[in-house]
Amino acid sequence: MSAPDGSPVGTERSIGQLFASATTELSALVHDEIALAKAQLKQDVKRGATSGGAFSLAGAMLLFSLPMLNFALAYGIRTWSHWNLAICFLLSFAANVLVAAALALIGVVFAKKARKGRGPQKVAASVKQTAGVLQKAKPHPRAELPQDRGPEAIEAVARSSS
């Protein structure tokens, strides 16, 4: 079994290895947060497009169906009820307005969902929270180093290798 950086478990890792591991993990976290923001933004755009499409369909339905549907419905009501033709035309117009209102209501519902989404704001808050936690993090106290691993020994090794 080994640690994420490939070193065996139970062995002490150097500060450089710990820093490299922390940097890699932080980089992966940032990339994951960006991917999450993109996915949430894509979902919000999709909801907005659905809302716009529903509003467009409501307008097109009302515009193009009025002449044909008004005549057909008015004459159908006239045949069925023998009412005055003007009242029949008003009833057919009211039916078209109800259908358009239902489509507009669907558009409003999807627009509210798209507005509530706020996906990128959630991710930004999460990133700020993560940064706050990392700023407050303090290293664990270390036990005293053995004499051969003290600062003087490390300095001597550094001088001899350069």
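A: Let's start with who touches whom: among contacts in the protein chain between residues at least 6 apart in sequence, 59% join residues at least 24 apart. A contact here means heavy atoms within 4.5 Å. This is a predicted model, so local features need pLDDT of at least 70 and side-chain atom pairs count only at pLDDT 80 or more, while totals for chains, interfaces and linings use all residues. Residues are numbered from 1 along each chain as its sequence is written, and side-chain values use heavy atoms, with hydrogens and water left out.

The part I'd pick is helix α2, residues 85–117, which has the highest mean pLDDT among the elements, 88. pLDDT is the predictor's confidence in each residue, from 0 to 100. The protein chain averages 78, and 70% of its residues score at least 70.

Now for the setting. The protein chain has four helices and zero strands, giving the pattern α-α-α-α along the sequence. Both kinds of element are DSSP runs numbered from the N terminus: helices are H or I with at least four residues, and strands are E with at least two.

UniProt, in an unreviewed entry, lists residues 54–77 and 83–111 as "transmembrane region". Its positions follow the numbering used here, feature names are shortened, and annotations may be inferred rather than shown by experiment. In the model, residues 83–111 are 93% helix and 0% strand, with the end C-alpha atoms 41 Å apart. Residues 54–77 are 100% helix and 0% strand, and their end C-alpha atoms lie 29 Å apart.

Back to helix α2, where Asn96 is found. Asn96 counts as buried because its relative accessibility is 6%, and buried means under 20% relative accessible area, exposed over 50%, and partly exposed in between (1.4 Å probe, protein chains only). So who covers it? Leaving out residues up to four places away in sequence, Asn96 touches Leu62, Ser65, Leu66, Leu69 and Asn70. Take Leu62: Asn96 is 34 residues from it in sequence, yet their C-alpha atoms are 6.5 Å apart.

Further along helix α2 comes Gly107, which counts as buried at 0% relative accessibility. Beyond its neighbours within four places in sequence, Gly107 is in contact with Ser51, Ala54 and Phe55. Gly107 and Gly53 are 54 residues apart in sequence, with 7.7 Å between their C-alpha atoms.

What sits in the loop between α1 and α2? His82 does, and it counts as exposed at 65% relative accessibility. His82 also has a positive phi of about 60° although it is not a glycine.

Of the 162 residues, 16% count as buried. The chain exposes about 12700 Å², with carbon and sulfur atoms supplying 68% of it.

Definitions and conventions:
Accessible areas come from the Shrake-Rupley method with a 1.4 Å probe; for residues, only the protein chains shown count as cover.
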